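Student: Please take a close look at the aromatic pairing in this protein. I would like the criteria stated along with the values.

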Amino acid sequence: LSPFWHPNGQELAFASDREAKTKDAHKSFDLYEVSQNGACLKRLTESENDEIYPAFSPDGRLIAFSSNHSGHYQIYLMEHRPPPACLE
């Protein structure tokens, strides 16, 4: 959902619906980042809320995104510090 390229052109951030492991739990959107060649997928957020529409700042140091808390969307900023390990 809503992919957005990092200014360096090497990483793509996007929101993805992560299915919960139990029947009773709801799905939620988290932000992910993938390298241009698809070799590395990293989860940037992990939340019980929907976190969508990622956008990098022009210098690539911040990510802005929308987050749905109790039915109300708010805009958040976080530093772009992807985890060092890729998802398997």
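**Aromatic pairs**

Tutor: Of the contacts in the protein with a separation of 6 or more, 30% join residues 24 or more positions apart, a contact being heavy atoms within 4.5 Å. The model is predicted, so local features need pLDDT of at least 70 and side-chain atom pairs count only at pLDDT 80 or more, while totals for chains, interfaces and linings use all residues. Numbering runs from 1 along each chain as its sequence is written, and side-chain values use heavy atoms, with hydrogens and water left out.

The protein has seven strands and zero helices; strands are DSSP runs of E, at least two residues, and helices are runs of H or I, at least four, numbered from the N terminus.

Rings of Phe, Tyr and Trp (its six-membered ring) pair if their centres lie within 6.5 Å; planes under 30 degrees apart are stacked, over 60 edge-to-face, the rest tilted. This rule gives three aromatic pairs. One of them is F4 with F56, tilted because the planes stand at 40°, with centres 6.4 Å apart. F4 belongs to strand β1 (residues 4–5) and F56 to strand β5 (residues 50–56), so this pair ties together parts 52 residues apart in sequence. F4 is partly exposed at 34% relative accessible area, whereas F56 is buried at 8%; buried means under 20%, exposed over 50%, partly exposed in between (1.4 Å probe, protein chains only).

F14 and Y32 form a stacked pair, 5.9 Å centre to centre with 20° between the planes. F14 is in strand β2 (residues 11–18) and Y32 in strand β3 (residues 28–35), so the pair links parts 18 residues apart in sequence. Both F14 and Y32 are buried.
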